[in-house]
Amino acid sequence: MNPNKGFTIIEVVLIVLILGIVSAFAMARILRGDSLDSAVISDQLIAITRLSQQKAIGRNDVQLRVEPEGANLVVTVSDSSGVLETTSVPVAGISVYADVNQQAACSNPPLSGLISNGSPMILNFDSLGDLHSGGVATPVAITSGARLCLSPDTSLSVCISKAGFAYRGDCLP
């Protein structure tokens, strides 16, 4: 028999220790499912806003409506013929604030403007794909754009320029 076959006890202990550390990090990541929620919500809001802008080009006015429904944020795109698209985004533990004509960073979200069942965010695009009116509950003329602030992670908030383009981050003047 060759006495050099197999693993030493030190090698086995090191492998078990390394596997334990890796599995502890993996379990912490798996059990904490909200770590990417803000990023997913932000990406979905940007995608549906860009879809709204594209649908508006060359058509009648298109409306984007963002309203919570239970633990979800329901985003509806419609025009004069009816609903074009509806998306439901889970937002458990995340508050969404919105306002128009604000260029300030979302690190200071507005005290008003919390999107709720009675106060949806409404954005109206014209036939050129530009924002022409919008707001929470009561639409007003848009002069500089709109923002959707995701709390607690405001770095993933969504800005929509007056030209109708949606992007992640603070609104630029």
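Two strands are taken to pair if DSSP finds at least two bridges between them. In the predicted model, strand β1 (residues 62-69) meets this criterion with strand β5 (residues 121-125), the two pairing in the antiparallel sense over five bridges. Within this pairing, arginine 65 stands opposite isoleucine 122 of β5.

On its other pairing, β1 is joined to strand β2 (residues 72-79) by seven bridges, again in the antiparallel sense. Valine 66 has valine 75 of β2 as its bridge partner. Strands β1 and β2 form a hairpin in which two residues lie between them. Glycine 70, in the turn, has a positive phi of about 70°.

These strands belong to an open sheet of six strands with the order β3-β2-β1-β5-β6-β7 and antiparallel pairing. The edges are formed by β3 (82-90) and β7 (140-141); each has a single partner strand, so one side of each is left without a neighbour in the sheet. Serine 133 has alanine 141 in β7 as its bridge partner.

The secondary structure of the protein comprises two helices and ten strands. Read from the N terminus, the order of elements is α-α-β-β-β-β-β-β-β-β-β-β. Of the contacts with a separation of 6 or more, 53% are between residues 24 or more positions apart. Of the 173 residues, 37% count as buried. The accessible surface comes to about 9800 Å², and 61% of this area belongs to carbon and sulfur atoms.

Three salt bridges are present in the structure. One of them is formed by the side chains of aspartate 43 and arginine 168, with an N to O distance of 2.3 Å. Aspartate 43 lies in helix α2 (residues 37-56) and arginine 168 in strand β10 (residues 166-168), so the pair ties together parts that are 125 residues apart in sequence. Aspartate 43 is partly exposed, with a relative accessible area of 44%. Arginine 168 also counts as partly exposed, at 36% relative accessibility.

Another salt bridge joins the side chains of arginine 147 and aspartate 99, with N to O at 2.7 Å. This pair links distant parts of the chain, with arginine 147 in strand β8 (residues 145-151) and aspartate 99 in strand β4 (residues 95-100), 48 residues apart. Arginine 147 has a relative accessible area of 3%, and because buried means under 20% relative accessible area, this residue is classed as buried. Aspartate 99 is likewise buried, at 13% relative accessibility.

A salt bridge is also formed between glutamate 67 and arginine 65, whose closest N and O atoms are 3.2 Å apart. Arginine 65, the residue that stands opposite isoleucine 122 in β5, is partly exposed, with a relative accessible area of 29%. In a regular strand the side chains alternate between the two faces of the sheet.

A nonpolar surface patch of about 760 Å² is made by Ile9, Ile10, Val13, Leu14, Leu17, Ile21 and Phe25. Isoleucine 9, one of the patch residues, is placed in helix α1 (residues 9-31). The relative accessible area of isoleucine 9 is 64%; because exposed means over 50%, isoleucine 9 is classed as exposed.

Note on methods. Residues are numbered from 1 along each chain as its sequence is written. This is a predicted model: local features need pLDDT of at least 70, side-chain atom pairs count only at pLDDT 80 or more; totals for chains, interfaces and linings use all residues. Side-chain values use heavy atoms; hydrogens and water are left out. Patches are made of residues with over 30% relative accessible area and no salt bridge: like charges are joined within 9 Å, nonpolar side chains (Val, Leu, Ile, Met, Phe, Trp, Tyr) within 5 Å. Accessible areas come from the Shrake-Rupley method with a 1.4 Å probe; for residues, only the protein chains shown count as cover. A salt bridge is a side-chain nitrogen of Lys or Arg within 4 Å of a carboxyl oxygen of Asp or Glu. Helices (H or I, at least four residues) and strands (E, at least two) are DSSP runs, numbered from the N terminus. Buried means under 20% relative accessible area, exposed over 50%, partly exposed in between (1.4 Å probe, protein chains only). Contact means heavy atoms within 4.5 Å.
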